[in-house]
Amino acid sequence: MTKPVRSSRASARVIPLRKGTTLEMVRLADAAQAQRISESFGLAILDSDGIRDLHERLIIETADALKDGLSERAMQIHLQRIVGAYVGSAHGAGQFYTRAVTEARDATAKLANDGRDEDLDGPVGFDSQAQRKREFAADMGVQSHALRMAAEGAVAAYEKVVGETWKPFERPVDNTTDTVGRKAAKAQMSAFD
């Protein structure tokens, strides 16, 4: 029996870069759409401006309470992380909302086909699967909008406190090609040549 031939070439380690989430990536559901969703599904109508203003004040008041204990750079780093968390949360909710809408549309489209028994309405008194998916998507739309407004408030507060526009943190590319571990592996592999 022969052994499989192994490549003597060392495999390269790929370090994926994580691009930061920007506020522009979050802007999926605006106030008008959130209101239409709320009215269509009987959900609470959000005070979008109130959510935004409250979170802006919250971040500003937090920064004010910390100003004596943090240097300007430390404050900037701290707020960068906090605002990044708000934006990341809103982005995640928006992505989830988009998937929920897609699933609701697919389930609703299947209902139009009379030949599919599994998509018919449930027993009397129970919602169909498509109806449950539409309601779930509506809930996710309102949540997505609420978190977007909180993120917008946090971004506005960052600009007021730090004095510059918030940008997501992006890890710099690691340009070191020969690390100690890689050099050791190369030396060990040369023993097999």
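Let's start with a pair of helices: α2 (residues 48-66) and α4 (residues 129-162) pack at an angle of about 40°, and their axes lie 7 Å apart. Helices here are DSSP runs of H or I with at least four residues, strands are E runs of at least two, and both are numbered from the N terminus. The axes are lines fitted to C-alpha atoms, for helices over the stretch in contact, with angles running from 0 to 180 degrees between N-to-C directions.

Keep in mind that this is a predicted model, where local features need pLDDT of at least 70 and side-chain atom pairs count only at pLDDT 80 or more, while totals for chains, interfaces and linings use all residues. Residues are numbered from 1 along each chain as its sequence is written, and side-chain values use heavy atoms, leaving out hydrogens and water.

| Pair | Angle | Axis distance |
|---|---|---|
| α2 and α4 | about 40° | 7 Å apart |

Which residues of α2 meet α3? They are H55, L58, I59, A63 and L66, and across from them in α3 sit M75, H78, L79, I82 and Y86. That contact (heavy atoms within 4.5 Å) divides into 8 nonpolar residues, 2 polar and no charged. For these classes, Ala, Val, Leu, Ile, Met, Phe, Trp, Tyr, Cys and Pro count as nonpolar, Asp, Glu, Lys and Arg as charged, and the others, Gly among them, as polar.

**What's inside**

The largest nonpolar core has 13 residues, and those with the most contacts inside it are I59, L79, V83, V87, V155, Y158 and W166. A nonpolar core is a set of buried Ala, Val, Leu, Ile, Met, Phe, Trp, Tyr and Cys residues joined through side-chain atoms within 4.5 Å. The elements giving two or more residues to this core are α2, α3 (72-111) and α4. Take I59: skipping its neighbours within four places in sequence, I59 touches L79, I82, Y86, A154 and A157. There's also a second, separate core of 9 residues, including A104 and M140.

**The whole protein**

Overall, you'll find 5 helices and 0 strands. Buried residues (under 20% relative accessible area, with a 1.4 Å probe and protein chains only; over 50% is exposed and in between is partly exposed) make up 27% of the 193 residues.
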